[in-house]
Amino acid sequence: MEPQGEKPGEADGVRITPQLLKSRSGEFALDSILLLKLRGLGLVDLGCLGACLGLEWLDLSGNALTQLGPLASLRQLAVLNVANNRLMGLEPLAACENLQSLNAAGNLLATPGQLQCLAGLRGLEHLRLRDPLARLSNPLCASPSYWAVVRELLPGLKVIDGERVTGRGSEFYQLCRDLDSSLWPSSSPGPSTAEAQPWVEPGYWEAWPTRSSSILEEACRQFQDTLQECHELDRQAQDSLAQAQQALSPVGTTSSFVF
């Protein structure tokens, strides 16, 4: 028998057991567990996870799960992350009446009909089926009408793929989407996007050739003339002071000041 730590994708993966749940949560009773992080354990079978009746927060991302059957009994579950698995359906989640946030990016959901089971979850506000940063998606996200179909199918959603669609801030996200649409050529038939045009005239950023300015030259000439006159007046003033000093000081007379 092979050990339980096998990688996702191998023939015998990991199955959830009471011992595993107790060791990961630190709780002695399964129905006392409120939060569970079971990310990247190579899980292929949820086993007895349905016995955690008080569970509110659950992370099952990065495993090899193909179905979520045991989750149907988790009526208190509010936040669920099943990203990066092998899920082809979400039907058991229809019974999770308190579910508010679901991350199912990186699975095998191919048609909008596979989301129909979520339509009855009145509290579901956050749904992620695509995560560009983690490079996770689902086949249905490739459809050009994906965004509109999800909004029509689940009108109660406030956030889709991390972008707010209703409420405060939704206008900003819509503006960003409109800008993206205008910048990227559309693959759908119809009028093509107008080619971008420069907003300044050709040659605007080129250096202009230097041109002589008669006004600047005349100002420089006048400044030089004025400076020359100042030098001449200074020389004349120095001469006048020297003559006055000579006239006020008789030859042979000395003055003494004592402080």
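Which backbone oxygen does the side chain of Gln-114 reach? Select Gln-114 together with Met-88: the side chain of Gln-114 reaches the backbone oxygen of Met-88 at 2.4 Å.

Before going further, note that this is a predicted model, in which local features need pLDDT of at least 70 and side-chain atom pairs count only at pLDDT 80 or more, while totals for chains, interfaces and linings use all residues. Residues are numbered from 1 along each chain as its sequence is written, and side-chain values use heavy atoms, with hydrogens and water left out.

Staying with Gln-114, you will find this residue in the loop between β6 (101-103) and β7 (126-128), and it counts as buried at 15% relative accessibility (buried means under 20% relative accessible area, exposed over 50%, partly exposed in between, with a 1.4 Å probe and protein chains only).

Next, select Val-14, which is found in strand β1 (residues 14-15) and is buried, with a relative accessible area of 6%. Draw a distance from the C-alpha atom of Val-14 to that of Gly-47, 33 residues apart along the chain, and the separation is 9.6 Å.

Finally, select Leu-34, in the loop between α1 (18-25) and β2 (35-37), which is partly exposed, with a relative accessible area of 48%.

Notes
Helix = DSSP H or I, 4+ residues; strand = E, 2+ residues; numbered from the N terminus. Polar contact = N/O pair within 3.5 Å; in protein donor to acceptor, adjacent residues only side chain to side chain.
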